[in-house]
Amino acid sequence: MTTPAVLALEDGTVFRGISIGAKGNTTGEVVFNTAITGYQEILTDPSYCRQIVTLTYPHIGNTGTNPEDVEAQQVYAAGLVIRDLTLVHSSWRAAESLPTFLQRGKIVAIAEIDTRKLTRLLREKGAQSGCIMTGDNIDEGAAVKAARQFPGLKGMDLAKVVSTKRQYQWNAGSIWRDRPKGPVRSISRLHVVAYDFGIKRNILRLLADYGCRMTVVPATTTADHVLTLAPDGIFLSNGPGDPEPCEYAIKAIQRFLDTDIPVFGICLGHQLLGLASGARTLKMKFGHHGANHPVIDLATGRVAISSQNHGFAVDEATLPPQLKATHRSLFDGSLQGVARTDRAAFGFQGHPEASPGPHDLKGLFEHFMFLMVKRLQSLPRPRPESQAKRVAAQTRDAPA
C-alpha cells in the first residue's frame, strides 16, 4: 500500500510520485545533487537546511543507513526527491532502511518521479522554491501556492539556526582512517577554535586526525571570548543560507584578521572570510551540489575533483587587493578559493573533508597545520630562570 505524493514548483510544474518518508508537507528551495553515494551524509549536512534535495543518481537506498555516517545529530534537509527506491537494502553496516530513517527523522520525501526532467528544469530556470505534499487527497493547486510562498534563501540567516547552542570540546578522530597513526600527547596538541555555522562531524574528525584538539563554539560567539581561549588557529565551518546577513560572524572575523592567528574557512566560512575582507557575495543560478566538481589550483595548475554544496559564492570581481583568488571551478569559472596576502588566512568554497567523497583537497588541512606550527615557532619563548635563581627561591620560600 503506497501513499501518493506530489512535488510542486513555483513555476507551476507538478511531479507526481509516491511518499517514502514522513507524512505531511514541506517547503524549501529545490536543488539537485549529482553525487552517486552519500545520501545519508547529504541528508544530515546542516548546509542543506531549508533545501529539498533531488538526487540525480537513479537508484537510492541500496546500502540502508547506520549511526556512523551522519554528519550531525539530525536530518537537516527539508525534503528528499529520488527516482527509484531500492526494494531491499544490503550492507553489513546497515542498521535500518532509508524510509525508516526518513520517517524517524520526520522528513517528507517523494520517489518515482522523473528526476532527469526535474534536473533539466532547474538547470534552465535556476533553483526553484518547491513543496512536497503527501496524502490521499492532495490539492495540487495548494501545493503550488505553498511553493510560491517560500521566500527563498536570499537574505535568510540560517547559520545561527543550525548552530550549537553551547560550547563543547571534540577530540574523536576518523572512524575509518586511511592509515594508523600514533597517539599525540595532549600537551603538544594544537588548539583549534571551530565556529559552528553548520559544522559537519567529519571536519572535526579530520582536524583530530592531524593532532588538534577542538573547542566548538556557537555561531554568534564574540571574538573577545574566542581570544580568551588562546587558540592556535580559528576554523570557520560550512553552513546554510545567505552569508551577508551574518554580521555577527563578519565582525568577529574582522577582529581575528587583526591578529596573527591563522584562519581557515570552508564553504560558508569561506564566504564570510571574503565578506570580512571587503569582497561581496552573490546568489548562484542553481549552485554547486555534488562530488564530482573539477577545481583548478591557480598557482600550480593542478586540477582536483571536489565535493560541493553551496548556492552562494564570493564574487571574484569584487576582491580587494589584499585578497587573492587561489582556486576556480572548471565547470563555470566561479571562485573556489581565496587567501589573504597580508595574513595567515585562507578559504575554500568546496568541502575538502567530504565523507564519502574525493580526498584530492585534504592538503588544505595540512596547510592549516603548517600555518599554526609556523606561528608557534615564531613566538618568543619565555627565558627559563637560571638554576641558581631557582635554588635561591626554593631556599628562601622553604619553611624554617
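Helices (H or I, at least four residues) and strands (E, at least two) are DSSP runs, numbered from the N terminus. With that in hand, welcome to this predicted model, in which local features need pLDDT of at least 70, side-chain atom pairs count only at pLDDT 80 or more, and totals for chains, interfaces and linings use all residues. Residues are numbered from 1 along each chain as its sequence is written, and side-chain values use heavy atoms, with hydrogens and water left out.

Let us start with helix 9. After this helix comes Gly278, with a positive phi near 110 degrees. Buried means under 20% relative accessible area, exposed over 50%, and partly exposed in between (1.4 Å probe, protein chains only). Because 9 of the 9 residues of helix 9 (residues 268-276) are buried, the rest of the structure largely encloses this helix. Among them are Leu268, His270 and Gln271.

Next come the aromatic rings. Rings of Phe, Tyr and Trp (its six-membered ring) pair if their centres lie within 6.5 Å; planes under 30 degrees apart count as stacked, over 60 as edge-to-face and the rest as tilted. The whole structure holds 7 aromatic pairs, including these:

| Pair | Centre to centre | Angle between planes | Type |
|---|---|---|---|
| Tyr195 and Phe256 | 6.0 Å | 55 degrees | tilted |
| Phe235 and Phe264 | 5.4 Å | 80 degrees | edge-to-face |

Tyr195 belongs to strand 11 (residues 190-196) and Phe256 to helix 8 (residues 247-256), so their pair ties together parts 61 residues apart in sequence. Both Tyr195 and Phe256 are buried, and Phe235 and Phe264 are buried too. Ring pairs also join Phe235, Phe264, Phe346, Phe365 and Phe368 into a cluster.
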